[in-house]
Amino acid sequence: MRPNPAPVSAPRDLEATLAEVEAQLSALGNALKLQNAPAAEEAAAALHRALAQAVSRFGNAERSGGVPPALRRRLVRTSGQVAAQRDAVARATSALDRAIDVLLPSEAPAASVYGQGSTGRSTGRSSGLAQA
């Protein structure tokens with residue numbers, strides 16, 4: 001049997017690293033629920049840093065003796081939560097983009113609609129919407 005070169009504190013380090021990812025994921029979720037953009041930006045950046053550290057530490061642990069099964073399952077569950085959060089943000093962004101498109105249509109369709117349907121009358125002034 002080969003000796004385990006990983007330090008004895010490795011599981012505790014992995015536990016702390018994973019706990020930090022979970023805490024930042026929770027903070028991001030809360031900020032998004034509260035629609036607090038500055039807090040969401042801060043939490044997203046902190047989550048990104050925590051994820052980078054987790055990838056590094058779990059990768060090192062895997063190369064030097066393995067990750068305990070309980071932490072591996074927890075990491076998989078947390079990874080699923082990160083993916084779900086990313087999908088929820090993508091859906092919200094898509095819905096917001098559609099709402100903005102309805103409220104502020106692009107200039108090309110507006111110009112063609114108003115340009116082609118003209119009755120020939122001119123007021124001599126331009127629309128503020130066309131300039132926006």
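Author: On the helix 1 side, the residues in contact are Pro11, Leu14, Glu15, Leu18, Ala19, Val21, Glu22, Leu25, Leu28, Gly29 and Leu32, and they meet Leu71, Arg74, Leu75, Arg77, Thr78, Gln81, Val82, Gln85 and Val89 in helix 3. Sort the residues of that contact by type and you get 12 nonpolar, four polar and four charged. Keep in mind that this is a predicted model.

Now for the geometry. Helix 1 covers residues 10-33 and helix 3 covers residues 69-103; they pack at an angle of about 20°, with their axes 11 Å apart. That angle is why helix 1 counts as roughly parallel to helix 3. Their crossing is left-handed.

Take helix 1 by itself next. Its 24 residues reach 35 Å from the first C-alpha to the last, close to the 34 Å expected. Buried in helix 1 are Ala10, Leu14, Thr17, Leu18, Val21, Gln24, Leu25, Leu28, Gly29 and Ala31. Helix 3 is among what covers them, and so is helix 2 (37-63).

Over to the partner. The buried residues here are Leu71, Arg74, Thr78, Val82 and Gln85. The cover over these buried residues of helix 3 includes helix 1 and helix 2.

Conventions. Residues are numbered from 1 along each chain as its sequence is written. This is a predicted model: local features need pLDDT of at least 70, side-chain atom pairs count only at pLDDT 80 or more; totals for chains, interfaces and linings use all residues. Side-chain values use heavy atoms; hydrogens and water are left out. Axes are lines fitted to C-alpha atoms, for helices over the stretch in contact, and angles run from 0 to 180 degrees between N-to-C directions. Helices (H or I, at least four residues) and strands (E, at least two) are DSSP runs, numbered from the N terminus. Angles under 35 degrees count as roughly parallel, over 145 as roughly antiparallel, 65 to 115 as roughly perpendicular and the rest as oblique. A crossing is left-handed if the near helix is turned anticlockwise from the far one by less than a right angle, and right-handed if clockwise. Contact means heavy atoms within 4.5 Å. Ala, Val, Leu, Ile, Met, Phe, Trp, Tyr, Cys and Pro count as nonpolar, Asp, Glu, Lys and Arg as charged, and the others, Gly among them, as polar. The expected span of a helix is 1.5 Å times one less than its number of residues. Buried means under 20% relative accessible area, exposed over 50%, partly exposed in between (1.4 Å probe, protein chains only).
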